[in-house]
Amino acid sequence: MSRFRRTTARARQLWIGMRLNPVAERAAAGRADEEPDVGGGGADLPPEDPAAAVGGDPERRYVPTGLVVGAAWSWRLLIIGALLAVILYLLSQVTTVVIPVVISFLLAAMLQPPAAWLIRHGWNKSLASILMLVAGLAVVSSVITFVIQQFIAGVPDFYDSIVTGLRDAQAWLESGPYGLDGAQVAEILADVQANITNWYGENQETIVQTGLSVAGSTASGLGNFVTGLFLVLFTTYFFIRDGRRIWTFLTGWLPRPATESLRYAGGAGWSTLVQYMRTVVVVAAVDAIFIGLGLWLLDIPLWLPLTTLVFLGAFIPIIGATVSGAVAVVVALVGTENGLVNALIVLGIVLAVQQLESNLLQPFLMSRAVKLHPLAIVLAVTAGGFVWGIVGALVAVPLLAIVNGTVRALNRFRDARREAQARGLEDGDATVEAAADGGDPIDAGERAARER
């Protein structure tokens, strides 16, 4: 073999060796491939952020991800809070309309199920709605009239009991540990009377002006009351008769993809409100029966008006029954001969009924109907009372129950529709199946009326 051929063969072998050299292969493949594989493969490692690799967005480089997410949530929540504040302010400017509509909504929740029962048994929709409205109005008017009569009839006896109690207190001051004689007690009473007379003389003009202002406010308030009463009757009738149609009309303004889900969720929220009102009536009746029975057995003055007050107060959960029970304790203290003993007994009865409500009625009835924690109920009543007074405290828990029921139903609807879509159904078929799986919230009476 010539020298040229030997040199050519060696060069060919050297070239083949360089091509098969692993170090040369890694150098040709790039720096990323020559790094050792940690943990058995890099398939699970997250890809490198291109923006960070080239030094792009400074926010991603220097601000933690949690802070970025928190800031994004914060400004969105601020916008939502500002929108809610504006809505509440606008509603507060038209309370003459808002309050009757809210009261009508609650009344319709109590009267619509009996009306639906009549519709299912062949009654005309309008006739059934008018009948339930008139029946409800007649019951409320009869109860209020009877209670007012009992209150007027019991005031003289209550006044006599107070006078007797004051005489007993004067006798105790004279013969008790203080040892005051009749002259000293008379002098104290004379000083009190003189102070009252002097205050009246100094503020007589202010009292007259205040009386005129109250009279003007009373006249204006009477006009607002008549207007509100008319609105309550009018809107309650149409809520009973055309509640589903009104809700369908309102949701028709929304984007089409959200219409069916919100209609279903709104129906579920209405069902929650109906269950809540039934439960509140049962709880209020139990409170009124037991406390009223105790007041009657102890011969407490005005026991029937106090029982009615307990029943009405129970419509404000937890707080209402407590306040009305405290009024009963005060009446027992100042309106009976053995005031202290009777007041303690009434207090024990009120506390026992409260325990019955908290440990039996609330867990088994209220929690099952609205699924709300007692702390949420107390906070809702407090916030509602702070914003809108007694009416706010009355409607706070029903509103919270509606929101809770609506959100839960909306989540159920979306989950059912997602499962239906995963099985290959079209959007329309998936929506229909989602409503069927979640349970159609449309009342049977309304469905029967629509079919006719």
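Me: How many aromatic pairs does the structure hold?

Reply: In this predicted model, the structure holds eight aromatic pairs.

Me: What makes F105 and W270 an edge-to-face aromatic pair?

Reply: The ring centres of F105 and W270 are 5.2 Å apart, with 70 degrees between the planes. Ring centres must lie within 6.5 Å for a pair, and planes over 60 degrees apart count as edge-to-face.

Me: Why can the pair of F105 and W270 be said to tie together parts of the chain?

Reply: F105 belongs to helix 6 (residues 95–120), whereas W270 belongs to helix 10, so the contact joins parts that are 165 residues apart in sequence.

Me: Why is F105 called partly exposed?

Reply: The relative accessibility of F105 is 30%. Buried requires under 20% and exposed over 50%, so F105 falls in between and counts as partly exposed.

Me: How do you know that F230 and F234 are stacked?

Reply: Their planes are 20 degrees apart, and the centre-to-centre distance is 5.9 Å. With the cut-offs at under 30 degrees for stacking and within 6.5 Å for pairing, the pair of F230 and F234 is therefore stacked. The two residues are four apart in helix 9 (residues 204–251), about one turn of the helix. F230 and F234 also form one aromatic cluster with Y237 and F238.

Me: Why is F230 called exposed, and why is F234 called partly exposed?

Reply: F230 has a relative accessibility of 55%, which is over 50%, so F230 is exposed. F234 has 44%, which lies between 20% and 50%, so F234 is partly exposed.

Me: What makes the contact of D242 with R241 a salt bridge?

Reply: The closest N and O atoms of D242 and R241 are 2.7 Å apart. The limit is within 4 Å, so the contact counts as a salt bridge. D242 is buried, at 8% relative accessible area, while R241 is partly exposed, at 22%.

Me: How do you know that R263 and E260 form a salt bridge?

Reply: Their closest N and O atoms are 3.9 Å apart; this is within 4 Å, and the contact therefore qualifies. Both residues lie in helix 10 (residues 256–297), three residues apart, about one turn of the helix. R263 is partly exposed, with a relative accessible area of 22%, and E260 is partly exposed, with 41%. By this rule the count comes to two salt bridges.

How values were computed:
Residues numbered from 1 in each chain as written. Predicted model: local features only at pLDDT ≥ 70, side-chain atom pairs only at ≥ 80, totals over all residues. Heavy atoms only, no water. Salt bridge = Lys/Arg side-chain N within 4 Å of Asp/Glu carboxyl O. Buried < 20%, exposed > 50% of the residue type's maximum accessible area, 1.4 Å probe, protein only. Phe/Tyr/Trp six-rings, centres within 6.5 Å; stacked < 30°, edge-to-face > 60°.
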